[in-house]
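Please look over the model shown here before reading on. The briefing takes it topic by topic.

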Amino acid sequence: MIDLKQDDVEIKKSCCYFCHQNCGVLAYVRDGEVIAIEGDPDHPTNQGGLCCRGNIALKHLNHPARINRPMKRVGERGANQWEQIPWSQALDEIAARLADVRENHGAEAVATAGGTLRTNDWARRRFMNLFGSPNSFHNAHLCWIPTFMVETAISGWSPFEVDLAASRVIVLWGQNPGASALPGMRGLSDLQKGGLKVICIDPRYTETAAHADMWLPLRPGSDCALALSWLNVIIREGLYDADFVANWCIGFDELAEHVKQYTPEWAAPLTWLNAGQIRQAAHMYAQNRPGNIQWGTSVDQIGPAAGATMHARALLRAITGNLDCPGGDLIAGPAMNYITDEEMEANDWLPEEQKAKQIGADKYRLCTWPGYGRIAEIAKETWGKAPTAEWMCEAHGPSVFRAILSGDPYPVKALIVSATNPVNSYGNAKEVLEALKSVEFLVTCEYWMTSSALYSDYVLPIAGALERPTIHNNYGVADYLIASQRAIKPKFERHTDYEFWHDLGHRLEQAEMWPWDTDEEAFYYMIYPLAALGYEVESYDDFVEKYRMYFPPVEHYRYAKEGFATASRKVELRSSVLEELGYPSLPTYVGPAENEADDPKLAEKYPLVLTTGGGFMPYHHSEHFQIKELRFLMPHPQMQMNPRTAASLGIEAGDWVWIETARGRVRFKADLTEGIHERVVFVPRGWWFPERSHEGADPFGVLESNTNVLTSTSDDMCDPIGGSWSNRGLLCRVYKDAQGDRA
Amino acid sequence: MTRYAMVMDTRRCISCHSCTVACRTWNELPIDLIHNPVLTDGPVGTFPNVHMTHMPLICMHCDSPACVAACPTGASQQDPDGVVWVEETKCIGCKSCIQSCPYNARHVNHELGIAAKCDFCKIRVREGKEPYCVQTCHQRARIFGDLDDPRSEVSKLVGSVRTVRLLEERRTEPHVFYIIGTGGQG
């Protein structure tokens, strides 16, 4: 053991990037090297804890397979032959190519794909706005963003803040903090001691379901029926908050009439729950006020029914009077005391005619300029501030990949990929891989050589969590912030993504718009207004060392003063924003993406129901498969199915099996568990094999066990409101792979 | 006197394996050495009526440690505060301790050629910190402290909640106490 008490060891307040929690990390630094890390006991999120991923930070920082220098392609695309060049040369050449694309095809022919919470995405949006392209995107459509926007349309700002110490019940709707947000799980376990009731809605008996007071194992993708039937029970039995509904909601009578059809008896066969269970759960939620409904990615990933389900779920919170009350779902609004990400994005600089060209905005209108523009307008009337456009207002990723391949609605010639491997992360993986191979100019900002980076013209080495500062503010829409500092300067020629966009901007006539030369200078600019509240600091690092965080005092019932931030100043159960965009103003039943009722013929061929996309330990998204200190916990891809189903198919525990949908098939080992319905199959996300060769049609085995080979992004499988595609509730079949083990 | 002990609250453990990985990275152990495995039983039952329990394991820091008795060189030893540890320079790698330990808590560190074990992170503990597996556990399923101090959480728990010790019949007097239960009860 290294002695951490030596005089020359400095302790830096850093954080972790290996999920969205950004847990606090103390980094012990000597001579410019991090010699040890541990969880920061004073960090409000993790209080000293770190999950298995957090604990391998140094293995990640110093891994021999990391990309450490800018690389320019010298061989054929995909040949994995590179020339190392200086950062400045790479940026010069990339800038020249982007200028060329803009001149010949328009700025909109340049698109960017991003990853999650390890980048300064306002900087990316700032660059794109100034460059003139509306085509930035993330996997946002699959992860909270449509939920945020639907809820904001209805109640003026998504009520995502919690006040759980005062809550009596929490509904975890497709959320499994026991595998994907461990600090949250700790909080729940603590509060359960004090009597908090936990309802877990999940097809699987997860780490969290195992701790719940009530587990509702619904058919994957049938959430819409469940939410509508809860509305039916709560309204029919008079369990709603009549005063709140009378004073603060519009559209209640129509809603009451509308949901009469959605009885628990109607929902039972659709959800595979029984009517008694549905009633009991609705009672547990509505009769234990105040209560909180938590978001999980699941509803964002059910495709066509996503928007309607989010709408119904938002109305449950409203009619039970749980909005912004102590112990309820709090509406904090934007950060009023520091400069928000949105204010850094320079959205006004993107001309209207360019906004109109955003790919997907004609089909999916809520989380693109039409819907975002309206919501931002209302928000600015209320607060003078708006939600972040990066995340909340994005091109539709799958439509961009199709535009690359088809030229429809117009050709996309250049793609910059930052902090994501789209072949793993987006639906219909085979199509994504083709798009990456075909796009004329591809740049990837990465830690590793992936199946996406492989086809790039340039790969740029990016600094990780310990090598850069971080402001955590929940996608730029929290009213608080938690700040971390860089423990060390980036190693080798690694740079931050901020530097990438800054340096590119300087080469493309944006120099005067990038006055901050470092991440810290930009962050200092953002937090400087806190000085007015007494946070007097001389630099960003000074803020981290002295304060680390800013949390405004919690307020309740803020709407009592000025109403809700909607056009009517009330909670719009009947949503004017959705109506203006041409969507149903009340939530109307939509079935699972593929299902036995609507398509019995398909169900004959594919009799099982697939769920995928859920987080699991020890991996995160497509990360960590090369870290042997984690991989030993799960060396092979494992799917879950019920032992009785397996027996009927001649499958034994540990057998290699194929899971097949109408799109393709993937190979996993069978993990047999009674924690899943006989007709449900769980296939985890993210798998690839960094240890395999880049050669051939399946580089690094990225298609062999990649669940996104099974998923669909075709327009009829996407939510017309928010654009979410279908990861869950798809039909599949499973059969043994006769070849078994292979290299 | 100080007598260090640990309580494992199986009502809170979710088998995230943070402790397993964290112990190894913090203590810079080889990839094939695990001091902190977590065993899972379940889901038991028939869908949807199932339950699941997780059992974190570790050296039991026994009062009558079989490994210390079996060690021919005195490398395996116990401090007055109960911590059982190995003095690396005295260990000859004879594996007597591995055979004697009823808890399978002793393993060969092939890099060092010695029979390694958990030492309750005694360096950290003497600095006033918790063993690293305890600090890293988000779920607070592991509680560490001085059993002889009536104000410590471990002594309060052992005095007030039903706990069990593993393989009591071996008379090693293990000092890891298990609260047995299923999720959501703790």
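This is a predicted model: local features need pLDDT of at least 70, side-chain atom pairs count only at pLDDT 80 or more; totals for chains, interfaces and linings use all residues.

Chain A holds 28 helices and 25 strands. Its 743 residues would, as a compact globule, have a radius of gyration near 27 Å, and the 25 Å of chain A agrees with that.

**Overall dimensions**

- Along the principal axes, the C-alpha atoms of chain A fill a box of roughly 70 × 70 × 60 Å.

**Helix packing in chain A: H2 and H21**

- Helix H2 of chain A spans residues 87-105, and helix H21 of chain A spans residues 497-507.
- Their axes come within 9 Å and cross at roughly 60°.
- Angles from 65 to 115 degrees count as roughly perpendicular, and H2(A) and H21(A) are therefore oblique to each other.
- The crossing of H2(A) past H21(A) is right-handed.
- On the H2(A) side, the contact is made by A:Leu91, A:Asp92, A:Ile94 and A:Ala95.
- H21(A) contributes A:Asp503, A:Leu504 and A:Arg507.
- By class, the residues of this contact between H2(A) and H21(A) are four nonpolar, no polar and three charged.

**Helix packing in chain A: H10 and H11**

- Helix H10 (residues 264-271) of chain A packs on helix H11 (residues 275-286) of chain A at an angle of about 110°, with the axes 8 Å apart.
- That angle makes H10(A) roughly perpendicular to H11(A).
- H10(A) passes H11(A) in a right-handed crossing.
- From H10(A) come A:Pro264, A:Glu265, A:Ala267 and A:Ala268.
- They meet A:Ala275, A:Ile278 and A:Arg279 of H11(A).
- The residues of the contact of H10(A) with H11(A) comprise five nonpolar, no polar and two charged.

**The parallel sheet in chain A**

- Four strands of chain A form an open sheet in the order S10-S9-S8-S12, with parallel pairing.
- Its edge strands are S10 (214-216) and S12 (291-294) of chain A, each pairing on one side only.
- On average, neighbouring strands of this sheet are turned by 15° against each other, direction ignored.
- Inside this order, strand S8 (residues 169-173) of chain A pairs with strand S9 (residues 197-201) of chain A in the parallel sense over five bridges.
- A:Leu172 has A:Cys200 in S9(A) as its bridge partner.

**Antiparallel pairing around S22 in chain A**

- Strand S22 (residues 656-661) of chain A runs antiparallel to strand S23 (residues 664-672) of chain A, and six bridges join them.
- The hairpin from S22(A) to S23(A) goes through two residues.
- A:Thr661 is bridged to A:Gly664 in S23(A).
- S22(A) also pairs in the antiparallel sense with strand S25 (residues 730-736) of chain A, over four bridges.
- In S25(A), A:Arg733 stands opposite A:Glu660.
- In a regular strand, side chains alternate between the two faces of the sheet.

**Contact between chains A and B**

- Chain B has 28 residues in contact with 41 residues of chain A.
- On the side of chain B that touches chain A, the elements giving two or more residues are helix H1 (18-26), strand S2 (38-46), strand S3 (49-56) and helix H5 (132-136) of chain B.
- H1(B) supplies the largest share of that side, with six residues.
- The side of chain B that touches chain A divides into 12 nonpolar, 13 polar and three charged residues.

Notes. Residues are numbered from 1 along each chain as its sequence is written. Chains are lettered from A and ligands numbered from 1 in the order in which they are written. Axes are lines fitted to C-alpha atoms, for helices over the stretch in contact, and angles run from 0 to 180 degrees between N-to-C directions. Angles under 35 degrees count as roughly parallel, over 145 as roughly antiparallel, 65 to 115 as roughly perpendicular and the rest as oblique. A crossing is left-handed if the near helix is turned anticlockwise from the far one by less than a right angle, and right-handed if clockwise. Two residues are in contact if their C-beta atoms, placed from the backbone, lie within 7 Å. Ala, Val, Leu, Ile, Met, Phe, Trp, Tyr, Cys and Pro count as nonpolar, Asp, Glu, Lys and Arg as charged, and the others, Gly among them, as polar. Two strands pair if DSSP finds at least two bridges between them. The radius of gyration is taken over C-alpha atoms; the globule rule is 2.2 Å times the number of residues to the power 0.38.
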